[in-house]
Amino acid sequence: MAVPAAAEFLYDDRTMKTFALAALLILTVTGCARINDAGMRLVASSAPAMAMVEDTLLSGKAVVAIDRSGTLNLESDTEPKVKCMGTMRYTATTSGVATLKCSNGVDVLMPFNAISETKGYGSGRTAQGVASFTFGMDLEDAIAYLRPPAGKRIVATPEGALRLAPL
């Protein structure tokens, strides 16, 4: 028995509606993901961050999101400029792990202790030495947690920056 033309049209109309509904669902989910990412950035906390990576002192900022993950973006004040970027994530209530990749080829993994959600300190080893970092601390507090190279100390300048100085 032949299918009437009206039934073929109905089938095509249902197919089109199904495809349209599927496309709408995909766009909605994609849009929600983008809205979620934007929302996470809006409620993220930015805090000053400092690091001592081998013999290079760096400063910048840490951004900690509500999901307890974050980013680090640091740069040295001295020539040649060294830039380090990384991530951090909480693995427990008061601790986590940070990674840094630096423009001078240094990579380091540093477990950290959190004093609060946006304040903490950590350290690790590189192939050539020691690395340490702080986030959410003022200069005086950060100095207590940063590990300078042998024969040097970290001092705060009158301008409010940190510098390495001989012992």
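Mentor: Before we start: a strand here is a DSSP run of E that is at least two residues long, and strands are numbered from the N terminus. Also keep in mind that this is a predicted model.

Trainee: Okay. Where does G60 sit, then?

Mentor: G60 belongs to strand β2, which covers residues 56-64.

Trainee: Is G60 buried, exposed or partly exposed, and why?

Mentor: Partly exposed, because its relative accessibility is 32%, and that label covers values between under 20% for buried and over 50% for exposed.

Trainee: Which residues does G60 touch, skipping its neighbours within four places in sequence?

Mentor: Those contacts are A47, P48, A49, N73 and L74.

Trainee: And how far is G60 from S76?

Mentor: Their C-alpha atoms are 8.7 Å apart, and the two residues are 16 apart along the chain.

Trainee: Zooming out, what do the strands build together?

Mentor: They make a closed barrel of eight strands, in the order β1-β2-β3-β4-β5-β6-β7-β8, and the pairing is antiparallel. On average, neighbouring strands of this sheet are turned by 25° against each other, ignoring direction.

Trainee: How many bridges hold β1 to β2?

Mentor: Nine bridges join them, with β1 spanning residues 45-53 and the two strands running antiparallel. Here's one you can look for: P48 has K61 in β2 as its bridge partner.

Trainee: New topic. How many disulfides are there?

Mentor: The count is one disulfide. C84 and C102 form it, with their sulfur atoms 1.9 Å apart. That pair ties together distant parts of the chain, 18 residues apart: C84 is in strand β4 (residues 83-92) and C102 in strand β5 (residues 95-102).

Trainee: Remind me, what's a disulfide?

Mentor: It's a covalent bond between the sulfur atoms of two cysteines.

Trainee: Is the link of C84 and C102 right-handed or left-handed?

Mentor: Right-handed, with 105° about the S-S bond.

Trainee: Are C84 and C102 buried or exposed?

Mentor: C84 counts as buried because its relative accessibility is 0%. C102 is buried as well, at 9% relative accessibility.

Trainee: Last one: where is T126?

Mentor: T126 is in the loop between β7 (119-125) and β8 (130-135).

Trainee: Is T126 buried or exposed?

Mentor: Buried, because its relative accessible area is 9%.

Trainee: Which side chain does the T126 side chain make a polar contact with?

Mentor: The side chain of E54, at 2.6 Å. Also, a polar atom of the T126 side chain lies 3.1 Å from the backbone nitrogen of Q128. Leaving out neighbours within four places in sequence, T126 has contacts that include V53, V106 and A131.

How values were computed: Residues are numbered from 1 along each chain as its sequence is written. This is a predicted model: local features need pLDDT of at least 70, side-chain atom pairs count only at pLDDT 80 or more; totals for chains, interfaces and linings use all residues. Side-chain values use heavy atoms; hydrogens and water are left out. A disulfide is a pair of cysteine sulfur atoms within 2.5 Å. Helices (H or I, at least four residues) and strands (E, at least two) are DSSP runs, numbered from the N terminus. Buried means under 20% relative accessible area, exposed over 50%, partly exposed in between (1.4 Å probe, protein chains only). A polar contact is a pair of N or O atoms within 3.5 Å; within protein, one must be able to donate a hydrogen and the other to accept it, and residues adjacent in sequence count only if both atoms are side-chain atoms. Contact means heavy atoms within 4.5 Å. Two strands pair if DSSP finds at least two bridges between them. Axes are lines fitted to C-alpha atoms, for helices over the stretch in contact, and angles run from 0 to 180 degrees between N-to-C directions.
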